[in-house]
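User: I am new to this structure. Please walk me through the terms used for it.

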Amino acid sequence: MLTEHEIKEIEKEIALYPVKSAACIEALKIVQQHRGWVADEQIKDIAQLLDMSYEEVDGVATFYNMIFRKPVGRNVIYVCNSVTCYMMGYESIYQKLSQKLGIQWGETTSDGRFTLLPNPCLGDCDHAPAMMINSDHYNRLTPDKLDEILEKYK
Amino acid sequence: MITIYIDGKPYQVEEGENLLRTCIKLGIDIPYFCYHPALGSVGACRLCAVKRYRDANDKNGRIVMSCMEPVSDGMMVSVNDEEVKNFRAAIIESLMTNHPHDCPICDEGGECHLQDMVVKTGHTYRRFEFKKRTFKNQYLGPYIHHEMNRCIQCYRCVRFYTDYAGGKDFGVTGAHNKLYFGRFEDGPFESIFSGNLVEVCPTGVFTDKTLRSHYTRKWDLTHAPSICNQCSAGCNIIFGERYGQVRRVLNRYNEAVNGFFICDRGRFNYEYINNKDTRITQSYVLGNPADSATVLNTLRNVIATNKVAAIGSSNSSVEANYLLQQLVGKENFYADVVAEDWEVLKTIKSILESNTVKVLSIKDIEKAEGVIVLGEDIYQTSPRLALAIRQSIRNKPLRKAQKINLPAWHANAVKTFIGHDRGPLFVAHTEANWLDEISEKTFRKNTSEIEQFAQAIVDHLEGKTLPQDTAQEVKYIIDALTDCRSVAIVSGTCLKSKKIVELSAKIASLLQSRNIESGIYYVVPKSNSMGMAILAEQSMDKLFGSSTPENIILLEPDLVFTDAIKSMLASCKNIIVLHHSRTAITEMANILVATGTIAESEGTLINAEGRMQRYFSVMPPQENVVAAWKWLSSLLGNNTFDEILIKISSDIPLLRRITEVAPDASYRVNGMKIPRQTPRFSGRTSMLAHKNVHEPKPVDDKNSPLSFSMEGTQKNSELGLMSFYLMPGWHSVQATNKLLRELDQVLNARSAGIRIWNS
Amino acid sequence: MERPLTQNIKADGTYCTIDEYRRNGGYEAARKAVQEMESQQITQTVKDANLLGRGGAGFNTGMKWSFVNISNPNEQRYVIANGDEMEPGTFKDRLLLEGDPHQLIEGMIIAAKALKASQGFIFVRWAYKKAHQTIQKALDEAYQAGFLGKNIFGSNFSFDLHLHTSVGRYICGEETALINSLEGKRANPRAKPPFPQISGLFGKPTIVNNVETYCNIPHIIKNGPVWYKALSRSSEGGTKLYGVSGRVKNPGLWELPLGVTVRELLFDYAGGMQEGYKFRGLLPGGASTDFLVEEHLDTPMDFASVAKAGSRLGTGTMIVLDDQTCPVAFVHNLIRFFANESCGWCTPCREGLPWVEKILEKIERGEGTEKDIDILRFHTKYLAPGNTFCALAPGAMEPLQSALKYFIDDFNRHIHEKKCPWKK
């Protein structure tokens, strides 16, 4: 069941478009904002709300890499692994994070605190290497800066 | 007509089509996957690549996808250019990087479009040395098997299931090279058209589970053309058989009726033919097994000495019904229809006969701009028609697409441009039904309300004034329909209303008088209800009550076992039942005659629009079982099937052309019969070695120009005799597209059946 | 040197509010366009200015607009800003979105007037969170000031503009895929024809332009095409945001006349290579452009000149390859990106890119063979424009084909030495 709040937000989006199904991505975003990820149950709820089939909604959800169809940690780390960050050393950032948190790409720490994901170019190439944690953007990274940054996230 | 140049040669072709289809029709084989004549072009697979040249000086040309190129006057292309041939081979190589080497264990092998295209492009050596991606399969119900590793991502399945057939429980998930075509969760498909996936899928992702349960390679199957007997649409099918078992049903292309698709009832509902528990494999007289001679003698005695009544079957052939009627006399022959329904059926027949209104085919309805359905749940009573009505809602919006030069075959562009626009489809019925969702407006009314509704439409069209609210409701519909170039009125026997039937015809003719191409289609209950309407003169209700006969013959009764029937039969002295399967009625018979099913017999069925179509046996019936018509013919002078057709033709004016429905048994091509078996059929000498080590002589089919062997012509061009799809290089059902060439050139009315009423 | 695009960008990183924007002459061009100019006139002005699309394709913007039929007053039309900047190495639109969103909004208002469009969307990628905020604030300010909504500047022209933030996938940067994404669908591109100008968002006439492109529009309207063309060093009008990233002393983003040379950018602005690093080559316009090397340093960075040198101007943000970076690894990283971002619609891209990735990985590992190079070369021809459904795969092949041209020795070293010579 979607919450009243979620439904209201989705309906606001529906109003912008000539057809309900156009709000599909918005609906997924809204649900993920509230719950961290989108479970099967919510795919069905969204489908019913937007007069779409479960398969259509899931087809959209699984196409986009920022919609999570599996649970993620409370905080998601996105390390840019594109070419400039590669040249400027993202691999050492990843090594440090992986070592410190005890997880590899795609995994979540056992306490549910962090999920570590690669992400394509974050558009900060002149200050590479860069990463994001949730909505926060970090650049000019070096392995020694990471402890302090991670501290901020419970 | 315009001129295009293919590899230097000029061709006169029709405008408006895409280059791929044009080439197929010219007999120039360009390989393709994602294109489908019914689903249009999307340009995904890139296999249909050809070279296009700017002009005569352009020596290099550029690679374009023929399915997406509209033909234009003076266009210059090359199919055989070296570079583009290599490109096509590279596309196959790309697909093969992930396609598993499943051929030996894949059901599709031997009739696989992918196999054909791999061979056609000449790609052989695989350079890819890395791991292939794999998927888990889903349980998709009892009819369709899922094997995702084989997928080549042509997207045909989703386009058919969701776009074409309106199915809601199927889709594509994932991205890049991890695409998955399946359901949200495991479970049986909900759409009655899901079975078409096994033919639409060019590889072995979706295969027929029923075939799988008794699997045989395509080349080892014996096939024969038949007609589906599950409803009155009259879809054309092909049975596949081996070792005396029907193993699968395929769609048989018929331009006017079913095109490329049939419904799941016709495709998967054949196991009754093989069911050892319910098949009647032996005749019985007074409870004792009896051989043919005994049965015939007993019957002759009963008929000679007594008055015998007979109830025909709306699911049996014209020939069997006719012969039974001859046997007992017209006055003693009854339709297997109760009075209430019989009245409606007769009304339908007389309307169609009157030539006052055009009788539409399913294809006509698919092409109509406006459709109104009065009092039928089409998805239940004639699914293939419902599928066609679904396509019709695109037609009026397509006019807009023409304005921007957007051809109808440009599938996704049309879908986008049309958006949620749809042509006027109005549905008035007593229950919620599948067409409601795509209708412009749906009306939930009871039967008399629908009658009034239809009357109001007629009144309005005749210029009469109506009460305010009725007028509004009706005006809206009429405005919508009169803005159409063509309109189809669809109704039927469902609500048992003569009025609705009559008014439907009236609406059609009133619209026609306004120069709108209009016509009518009546859905009737069974595969030969129309045949029954033509042959019989009275309803079986006349047999109930005081006029119960002493002796009664029932032909393959497909009756609801009501109390009325039960008590009528209980008071008969001799109950003679000719049937292939045990039912409550066969249990009451004291003379039980074992008949062959539709797969073991030949005959003519007349569908809802009065189209006579011929079915042929795929296997001879087993010992002691004989086709119903043959039993009856033996009692009447032992005529051959063709002789019976000649009799029917001269006896029954409406059925005058029944002899033209298919070539007769003497028909040969270059002196040869048409084989039911492919040239690759194997095992003939050893199949029955456990019974008899001598090679069995192929059964001689005296009733048709088909043979029960592989010997025969490879050059059959009669669609009505088409047993299997096999052309050089085309082993799968896509070979139908090769046939399109023939169809366009030889639009043989006979191939699509013969209409009794042409208007 | 005039720098119209970045004149309002503040050093402290905060965005230029509507008051600040108007103080600097902002929304004057929009007023002129809405109150004084005819729609066709606006389009012609933009065409005359020779503003080439800044998203990478370099098509004359005014000409693109002219293909929209604006004769039917009752038809819905849309203008869309493509802010899905995800091309590796590209970071120019982010500056404009975070620093001066009103410039974009004003450009879109003018475009909407030119195209008689009543609705618009700013499509911004997921990662640009700061830009989401600044754009939303700017939209609210613009609505409040009456520059968006009904009867703008008291005329009968109304325009609604909304922010849409995406959920990933580089392919959304392709205009027809973006349109599909706005429609809430999977972002497969569409076949052209029909072009978005005829059948775009929800089947209606639509223009999609890059953020930077729209940002040029107010200046063109305010100061005219002659002024605009004079800003450039070539016949292609205007200034351009150029970027440099990699092992240079001073990576960054600068607004410069269109047509500065590679050398100027690399040495004068980016300060040349860092100590201990030598220049080997660069991709002039983001990941999907061909390498330029030493011999090309004097190439002007305009669309025609870069094309003549065998590459593409693309987004104008250069990625510099230094001598301490393995070219095979460089290309491998790029191909991995493209393979992951393939939408999966057409065969060559979907199946070809992962194969190329696997081969590059194999070569990088030291297990490559001559045959592998053949297969790579084969793919650079196979994944050509027209062979695939859109330009993603052909773009992916650009760095590969030029790497095979200029750095083939490095590839061969991997094969013969059976290891990556750059790995410590």
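Analyst: Start with pairing: two strands pair if DSSP finds at least two bridges between them. Strands (E, at least two residues) and helices (H or I, at least four) are DSSP runs, numbered from the N terminus. This is a predicted model: local features need pLDDT of at least 70, side-chain atom pairs count only at pLDDT 80 or more, and totals for chains, interfaces and linings use all residues. Residues are numbered from 1 along each chain as its sequence is written, and chains are lettered from A and ligands numbered from 1 in the order in which they are written.

User: What makes strand S23 of chain B and S24(B) a pair?

Analyst: Four bridges join strand S23 (residues 574–579) of chain B to S24(B), in the parallel sense. The rule asks for at least two, so they pair. B:Leu578 stands opposite B:Val593 in S24(B).

User: How do you know that strand S13 of chain B is joined to S24(B)?

Analyst: Two bridges link strand S13 (residues 283–285) of chain B to S24(B), and the strands run antiparallel. B:Tyr284 has B:Leu592 as its bridge partner in S24(B).

User: What makes a nonpolar core, and which residues have the most contacts inside the largest one?

Analyst: A nonpolar core is a set of buried Ala, Val, Leu, Ile, Met, Phe, Trp, Tyr and Cys residues joined through C-beta atoms within 7 Å. The largest has 409 residues, and A:Leu28, B:Ala310 and B:Ile365 have the most contacts inside it. In soluble globular proteins, nonpolar side chains tend to be buried together.

User: What is A:Leu28 in contact with, leaving aside its neighbours within four places in sequence?

Analyst: Its partners are A:Val38, A:Ile46, A:Val60, A:Ala61, A:Ile67 and C:Val167. Contact means that the C-beta atoms of two residues, placed from the backbone, lie within 7 Å.

User: How many residues do chain C and chain A bring to their contact?

Analyst: Chain C brings 40 residues and chain A brings 32. H12(C) gives the most to the side of chain C that touches chain A, with five residues.

User: Which residues does the domain assignment give to domain 1 and domain 2 of chain A?

Analyst: Domain 1 is 4–63 and domain 2 is 75–151. Such bounds come from an automatic or database domain assignment. The C-alpha centres of these two domains of chain A lie 29 Å apart.

How values were computed:
A residue is buried if 20 or more other C-beta atoms lie within 10 Å of its own, exposed if 12 or fewer, and partly exposed in between; C-beta atoms are placed from the backbone.
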